[in-house]
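Please consult the sequence and the model shown below while reading.

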Amino acid sequence: MKVSSQTQAEMLRDMLAGPWRLARKIDDHLAGQVVTLAGTASFTPYDGGLLQRDAGQLCLPDGQRIEAAQSYIWRFEADEAWMDYADGRPFISLAAPFGVVDSAHLCGDDHYDVRFDFRQAGDWTSTWRVKGPRKNYVMQSAYSRE
């Protein structure tokens with residue numbers, strides 16, 4: 001029996017790499033509306049880690065559609081992973097084991113809590129709860145292999 005020499009972070013990197021379908025629901029408690037996004041996500045090699053690019057169409061309650069995109073940089077080392085803003089500023093960190101992982105980020109007066117669920121092969125989710133003076137929403141994203 002061959003034993004894998006990969007770290008847990010390397011296994012997470014390999015699991016994320018490649019294209020994904022993305023379905024997102026944003027429940028904006030301040031605006032009193034639910035917005036959805038249907039699109040894609042890609043995780044491509046970048047500086048030893050991965051560049052995440054989410055893109056799709058936001059569908060507003062009035063039927064209006066808006067193109068939306070966001071990027072993050074993922075870094076991996078031993079039993080830790082970091083998700084940084086596209087400009088390289090730190091955002092959140094994750095510690096193994098990478099089944100269900102919680103993290104948090106304070107940005108000024110805004111507090112971001114996130115739960116990643118990587119337990120399903122070929123599918124994973126993230127749920128963000130964001131609160132601040134001008135923010136109060138829950139964003140649920142479901143990623144499935146293309």
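## The largest pocket

Strand E4 contributes the most to the lining of the largest pocket, supplying five residues. The model is a predicted one. The volume of this pocket is about 570 Å³, and its lining comprises 27 residues. Nearest the centre of the pocket are Arg 24, Gln 70, Tyr 72, Tyr 137 and Met 139.

At least two lining residues come from each of the strands E1 (18–28), E2 (33–46), E3 (49–59), E4 (65–77), E5 (80–85), E8 (110–117), E9 (123–132) and E10 (135–145). Sorted by class, the lining consists of 21 nonpolar, three polar and three charged residues.

## Helix H1

Helix H1 covers residues 8–16, and its buried residues are Ala 9, Leu 12 and Leu 16. Viewed down the helix axis, these buried residues fall within an arc of 60°, so they line one face of H1. After H1 comes Gly 18, which has a positive phi, near 110°.

Leu 16 belongs to helix H1 and is buried, since its relative accessible area is 0%. When neighbours within four places in sequence are set aside, Leu 16 is in contact with Phe 43, Leu 50, Trp 74, Phe 76, Phe 118, Trp 124 and Arg 145. Leu 16 and Trp 74 are 58 residues apart along the chain, and their C-alpha atoms are separated by 9.9 Å.

## The nonpolar core

The largest nonpolar core has 33 residues, of which Leu 16, Trp 74, Phe 116 and Trp 128 touch the most other members. Strand E2 gives the most to this core, with four residues.

Which residues does Trp 128 contact, leaving aside its neighbours within four places in sequence? They are Met 83, Phe 91, Ile 92, Tyr 112, Asp 113, Val 114, Phe 116, Tyr 137, Val 138 and Met 139.

## Backbone features in the loops

Most residues other than glycine have a negative phi, and most peptide bonds are trans. The following residues are considered against that background.

Asp 47 is not a glycine, yet its phi is positive, at about 50°. This residue is located in the loop between E2 and E3. Its relative accessibility is 75%, and Asp 47 therefore counts as exposed. Ala 78, another residue other than glycine, likewise has a positive phi, near 50°. Ala 78 occupies the loop between E4 and E5 and is partly exposed, with a relative accessible area of 42%.

The peptide bond that leads from Ala 96 to Pro 97 is cis, with omega near 5°. Pro 97 is placed in the loop between strand E6 (90–95) and strand E7 (100–107).

## The loop between E9 and E10

Is Pro 133 buried or exposed? With a relative accessibility of 52%, Pro 133 counts as exposed, and its position is in the loop between E9 and E10.

Not counting residues up to four places away in sequence, Pro 133 touches Asp 109 and Asp 110. Pro 133 and His 111 are separated by 22 residues in sequence, and the distance between their C-alpha atoms is 9.9 Å.

Definitions and conventions. Residues numbered from 1 in each chain as written. Predicted model: local features only at pLDDT ≥ 70, side-chain atom pairs only at ≥ 80, totals over all residues. Heavy atoms only, no water. 1 Å grid on protein atoms, 1.4 Å probe; cavity = no way out; pocket = protein on both sides within 12 Å on 5 of 7 lines; lining within 4 Å. Points joined across faces, edges and corners; volume = space filled by probe spheres on them. Nonpolar A, V, L, I, M, F, W, Y, C, P; charged D, E, K, R; others polar. Buried < 20%, exposed > 50% of the residue type's maximum accessible area, 1.4 Å probe, protein only. Arc of directions from axis to C-beta. Core = buried A, V, L, I, M, F, W, Y, C linked by side-chain atoms within 4.5 Å. Contact = heavy atoms within 4.5 Å.
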